[in-house]
Amino acid sequence: MTIPNPAAMEFFLTRRSRPARLLRPPVPSEAELMPILTAAARVPDHGKLEPWRFLVLEKPALTRLAGLARTRGEEMGVTPDRLDKDVAQFADASLIVAVVMVPRPTDKAPEVEQILSAGAACLTLLNAALASGWDACWLTGWHVHDPAFARGALGLAEGERVAGLVHIGTAASAPPERPRPDVGAITTWVRE
Ligand SMILES: Cc1cc2nc3c(=O)[nH]c(=O)nc-3n(C[C@H](O)[C@H](O)[C@H](O)COP(=O)(O)O)c2cc1C
């Protein structure tokens, strides 16, 4: 029988992300990050396919990626204002974990379920970072969906995709709470 865990439930009822622009050092060390990644790898995974892997992007890599994002964004004609914001996502970050979706060609689980498992890995990584006392946020952007950037800058293999960039660091302050869904309005009880 499962033992109730009120502290975990309280965490889920109050958890919230922090805007990436507020995140600064300190960031978790390798020893501090490993349990967080271990939690992220402990997600529902139909067929035990492990259709995900992690890229831990440290400061020098983030500086390199900022330069590559600028070059690629200019090639793609991204507007200068937008591009500055996208480049800052890497340039201003101190630590990002990219969750890479690794599709496994198999009839054990369709690709959509592998994508959902990668999303679960992103959320669990985010929650494990928050539960460990770090501030964190799950972002994306055109660069993660652009095959040329994903392959050239992040070194992804054919067919791999970035499911999320989880920024982790320390925020000096918390922004106001965002409105949350009316759960009653989105829930239908099917009783018979
Ligand atoms: C797949 C995915 C991609 C996201 N990408 C962005 C993004 O690029 N920029 C952004 O401001 N928020 C993005 N968000 C939203 C934030 O991660 C987050 O939902 C929001 O800050 C509130 O999070 P919270 O419910 O954990 O507090 C994304 C969310 C998901 C699920």
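A polar contact here is a pair of N or O atoms within 3.5 Å; within protein, one must be able to donate a hydrogen and the other to accept it, and residues adjacent in sequence count only if both atoms are side-chain atoms.

**Ground rules.** I am working on a predicted model, where local features need pLDDT of at least 70, side-chain atom pairs count only at pLDDT 80 or more, and totals for chains, interfaces and linings use all residues. Residues are numbered from 1 along each chain as its sequence is written, and side-chain values use heavy atoms, with hydrogens and water left out.

A polar side-chain atom of R180 lies 2.7 Å from a ligand oxygen. The protein covers 57% of the 630 Å² of accessible area (Shrake-Rupley, 1.4 Å probe) that the ligand has on its own. For S17, I find a side-chain N or O atom 2.5 Å from an oxygen of the ligand. W138 places a polar backbone atom 2.5 Å from a ligand oxygen.

R15, R16, S17, W138, L139, T140, R178 and R180 surround the ligand. By class, I note four charged, two polar and two nonpolar residues in this shell.

**Helix pair.** I turned to α2 (residues 30–40) and α5 (residues 111–131). They pack at about 145° (between N-to-C directions, on a scale from 0 to 180 degrees), with axes fitted to C-alpha atoms 8 Å apart. For contact I use heavy atoms within 4.5 Å. I36, L37, A39 and A40 of α2 meet A121, T124, L125, A128 and A129 of α5. Of the residues in this contact, eight are nonpolar, one is polar and none is charged.

Conventions. A residue is near a molecule or strand if one of its heavy atoms lies within 4 Å of it. Ala, Val, Leu, Ile, Met, Phe, Trp, Tyr, Cys and Pro count as nonpolar, Asp, Glu, Lys and Arg as charged, and the others, Gly among them, as polar. Helices (H or I, at least four residues) and strands (E, at least two) are DSSP runs, numbered from the N terminus.
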